[in-house]
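Let's take a walk through a protein model together. Have the sequence and the 3D view ready, and follow along one stop at a time.

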Amino acid sequence: MFSEIEARWREYWEKTGLYRTPDEPKNKFYLLEMFAYPSGDIHLGHFRNYTIGDVIWRYRKMQGYDILHPFGWDAFGLPAEQAAIKHKIPPDKWTFSNIERSRDTLRRLSISYDWDREIITASPDYYRWTQWVFLKLYESGLVYRDTSFVNWCPSCKTVLANEQVIAGRCWRCDSVVEKRRLEQWFVRITAYAERLLKGLDKLKGWPENIKTMQRNWIGKSEGTEIDFKIEGTDKSFSVFTTRPDTIFGTTFVTFAPEQPLVDELLPIMPNREEVEKYVQQALLKPEIERSFEGREKDGVFTGLYAINPYNGERVAIWVGDYVLASYGTGVVMAVPAHDQRDFEFAKRYGLPIKVVINPPGCSLDPSTMDAAYTEPGIMTNSGTFDGLPSTEGIRRVTEYGEERGFARSKVTYKLRDWLISRQRYWGAPIPVVHCEKCGIVPVPEDALPVLLPPADKVNFAPRGRSPLEDLPEFMDTTCPVCGGAARRDPDTMDTFVCSSWYHLRYTDPKNEGEPFSKRNVNRWMPVDLYIGGAEHATGHLLYFRFITKLLHDLGYLDVDEPAIALFNHGMVLDANGAVMSKSKGNVVSPVELIENYGVDVARIGILFIAPPERELLWSSEGLKGASRFLERVHNFFCNLSGNDEIFDFDQLPDVDKLRYRKLHWAIKRVKDDIENIQFNTAVAAMMEFLNTLGPRFPDDSSIPNYIARRFIKLLAPFAPHLAEEIWHRMGEKDSIFLSPFPDFDSTALVAETVTIAIQINGKLRATIDLPPDSDEEMVVSSALELDKIRKYVEGKRIVKRFYVKNKLINIVVK
RNA sequence: GCCGGCGUGGCGAAACAGGUAGACGCACUGGACUCAAAAUCCAGCGGAUGUUAAAUCCGUGUCGGUUCGACUCCGACCGCCGGCACCA
């Protein structure tokens with residue numbers, strides 16, 4: 001029944017350019033939903049996400065905002081290559097046909113995107129500027145090549161960033177991630193660690209849990225770095241510790257197997273062979289196995305000793321794979337008495353345990369300890385520091401070492417640099433060339449884009465190196481500096497680079513001379529509301545903030561945080577709470593919903609079933625309610641016509657006074673709920689209002705048009721097609737979204753009577769209707785007139801009374 | 001283990017600056033309309049006791065506490081979900 005209505009208005013809105021972004025915004029609002037990876041078609045999770053955004057757009061539009069509401073496609077990525085391998089479809093064909101299909105679906109859903117601003121990260125006019133972002137990073141000294149142990153997915157046959165390793169497994173295919181020593185491109189996001197951390201405090205509109213996740217991910221830790229000399233050599237190393245107060249308890253030090261010094265020291269190690277064997281073995285173990293907590297810690301003694309600079313003691317140097325190479329210095333001072341990991345290690349290998357912190361009022365005996373004592377206490381066995389509280393010792397020990405030049409305060413972060421190269425075809429090529437004479441040379445800006453070669457010559461079968469490497473027509477080039485023969489970089493960029501700046505491109509999507517003009521970017525940025533899933537908390541949302549800060553620092557835009565407010569919608573699961581996936585066969589397509597029920601019903605259904613931030617167990621049962629509601633709305637209002645009645649409230653008949661009040665009460669609730677993104681209760685408020693009108697629109701009303709026009713506007717953000725239809729049947733010529741959202745009459749919210757609860761000793765015994773703001777005496781005396789109240793009070797003494805105006809009275813009797 | 005979040009009818013959920021628990025909807029039950037069904041409309045719908053009534057008692061994961069009054073605040077615990085996970 002609604003399909004004809006929906007088609008009419010969908011076309012009308014597109015034809016009249018309702019969604020077009022104003023060129024000169026006066027009252028700007030940048031509304032952004034995370035763009036989509038085009039894998040097949042839009043699914044129910046997308047539908048929920050984009051419907052939430054669409055409600056906001058329609059509401060803000062009716063409030064007169066000038067809105068930028070763009071959409072695009074995160075179009076590079078591995079699945080396109082997998083499709084190429086599996087189905088012999090080229091990645092570009094696969095991707096672009098998915099985009100066609102998904103865009104078509106979004107249009108059928110009438111989501112209010114300005115399609116003139118669509119961007120596709122896999123198109124050369126976009127990735128040209130992704131390469132430009134790379135060059136800016138390069139020029140800023142934030143890109144470097146490094147040979148180190150990196151995350152390697154054996155199934156995708158490519159390296160991964162830390163953020164793409166979920167509990168030791170690949171984010172895409174769930175394979176256990178391995179370590180490989182490779183030369184790769186890194187972006188120094190760690191240079192922005194402090195600012196990324198501090199910036200979170202400004203983001204008042206971000207959910208606390210996302211900010212906490214980012215804080216933990218950045219993992220700032222303040223401590224001390226202490227230098228140790230290696231006995232019998234001129235070499236030294238540093239350790240990082242947050243507990244310098246325990247330095248006198250150091251009985252050995254442990255190196256991570258990957259620590260570069262281990263290799264260097266091998267030739268002089270008395271236990272060289274054992275160490276070599278151990279290191280080799282450790283490197284073979286996947287991270288997930290090594291990092292399993294509770295696993296017995298193992299290691300090997302090198303035969304070398306280091307000198308504790310604080311007391312000159314010799315401490316054994318061990319290598320152990322419980323030490324992380326990539327955190328701190330890759331070496332720890334082991335204080336078994338006061339660190340649980342060191343304690344376990346010492347117990348296993350019979351290493352000495354020396355107590356240097358005693359709990360207040362008692363002293364520990366190493367021989368009877370069955371766990372490390374990690375709490376603060378009083379320093380002991382620590383030379384001149386004895387008797388000092390350990391919390392103060394932290395500062396004093398550091399100062400002592402600083403004065404003597406072998407220690408310093410140090411801040412360490414868990415955040416690692418961002419590994420951005422990928423050994424894949426379907427991504428933005430890294431714009432550098434390797435020249436034998438000149439080394440690494442960035443491609444000049446005016447030579448961008450470095451285009452991907454056509455897919456027809458490419459062998460996509462993963463072989464652990466980029467497919468581009470085997471294409472001489474791509475690889476062979478000339479050096480931009482010396483003009484001699486050179487080779488291109490065969491790797492492509494992590495797709496998170498593409499999505500780290502797309503919000504900026506939307507402000508100026510067709511600019512051919514620059515990624516975006518200053519004028520346009522500053523006109524729209526920052527994003528006023530960013531909507532998406534929480535799964536991007538420590539990936540995309542971190543890169544997105546980082547690149548915005550970088551481009552701000554380089555003067556390309558004014559703001560240094562991309563989005564002032566963030567909303568995370570919940571996931572859509574099936575009725576049993578399982579994730580919808582093709583392999584489980586439980587996927588519900590929005591297309592099937594709109595074909596069976598219509599867009600408006602599907603929207604109301606998905607918005608009403610659960611609050612937007614919560615996860616949603618999908619069941620089409622709930623759609624019946626939505627469908628009945630909209631049909632009632634249609635039947636109520638489809639035959640009304642005409643303009644607002646002019647009336648004097650006091651002259652209205654009582655029934656209409658009541659309807660007037662209820663209407664304004666509904667307006668207030670819907671308005672408040674939209675602003676708080678609580679669409680489920682907004683829909684409930686509209687249903688409730690409709691219920692108060694009765695089974696059909698009351699024919700005794702003297703203000704039918706007044707009611708109808710306002711109610712329809714309340715409904716418009718939620719069921720736009722139906723609202724537009726009724727609006728036009730009421731004789732309007734322009735879109736309902738060009739008309740203002742109704743304001744509520746606050747005087748109408750004051751009811752003629754209020755229901756007051758009467759409690760005796762805190763238990764509800766009766767209710768009574770009284771005029772609003774009645775005083776306490778009046779309420780009590782009216783209450784005592786009631787038989788059911790009198791029976792509780794008779795023969796007793798009223799000890800106390802608590803009166804909450806217009807709500808309740810509690811009479812305490814004894 | 002640490003950090004978040006959440007536990008409310010048969011189901012999805014409302015209400016929390018402490019103040020009538022269960023709005024709104026689904027399902028269900030009864031009734032009206034109908035030859036009948038569907039649709040629609042009306043009524044009921046947390047549990048227990050109860051002469052189907054009146055009424056009373058119990059109820060927001062569990063156990064305690066604060067309070068005239070607790071789903072809401074505090075303490076301990078149990079369960080589920082998400083994030084981090086040997087970070088020195």
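Let's start with Gln164, which sits in the loop between β6 and β7 (165-166). Those labels come from DSSP runs, numbered from the N terminus: a helix is an H or I run of at least four residues, and a strand is an E run of at least two. Before going on, note that this is a predicted model, where local features need pLDDT of at least 70, side-chain atom pairs count only at pLDDT 80 or more, and totals for chains, interfaces and linings use all residues. Residues are numbered from 1 along each chain as its sequence is written, chains are lettered from A and ligands numbered from 1 in the order in which they are written, and side-chain values use heavy atoms, with hydrogens and water left out.

Is Gln164 buried or exposed? Its relative accessibility is 1%, so Gln164 counts as buried (buried is under 20% relative accessible area, exposed is over 50%, partly exposed is in between, with a 1.4 Å probe and protein chains only). Who touches Gln164? Skipping neighbours within four places in sequence, Gln164 is in contact with Arg169, Cys170, Trp171, Arg422, Asp494 and Phe496; contact means heavy atoms within 4.5 Å.

Now for β6 itself. It belongs to an open sheet of four strands, in the order β6-β5-β9-β19, with antiparallel pairing. Two strands pair if DSSP finds at least two bridges between them. The edge strands, each pairing on one side only, are β6 (158-160) and β19 (418-419). Strand β9 (residues 178-187) is joined to β19 by two bridges, in the antiparallel sense, and Val187 has Trp418 of β19 as its bridge partner.

Another open sheet has four strands too, ordered β31-β30-β33-β32, but here the pairing is mixed. Its edges are β31 (763-770) and β32 (798-804). Look at β30 (residues 754-760): it runs antiparallel to β31, with seven bridges between them. Gln759, for one, is the bridge partner of Leu764 in β31.

Last stop, two helices. The axes of α20 (residues 623-637) and α22 (residues 679-693) come within 11 Å and cross at roughly 50° (axes are lines fitted to C-alpha atoms, for helices over the stretch in contact, and angles run from 0 to 180 degrees between N-to-C directions). That makes α20 oblique to α22: under 35 degrees counts as roughly parallel, over 145 as roughly antiparallel, 65 to 115 as roughly perpendicular, and the rest as oblique. On the α20 side, the residues that meet α22 include Phe629 and Val633, and the α22 side includes Met686 and Leu690.
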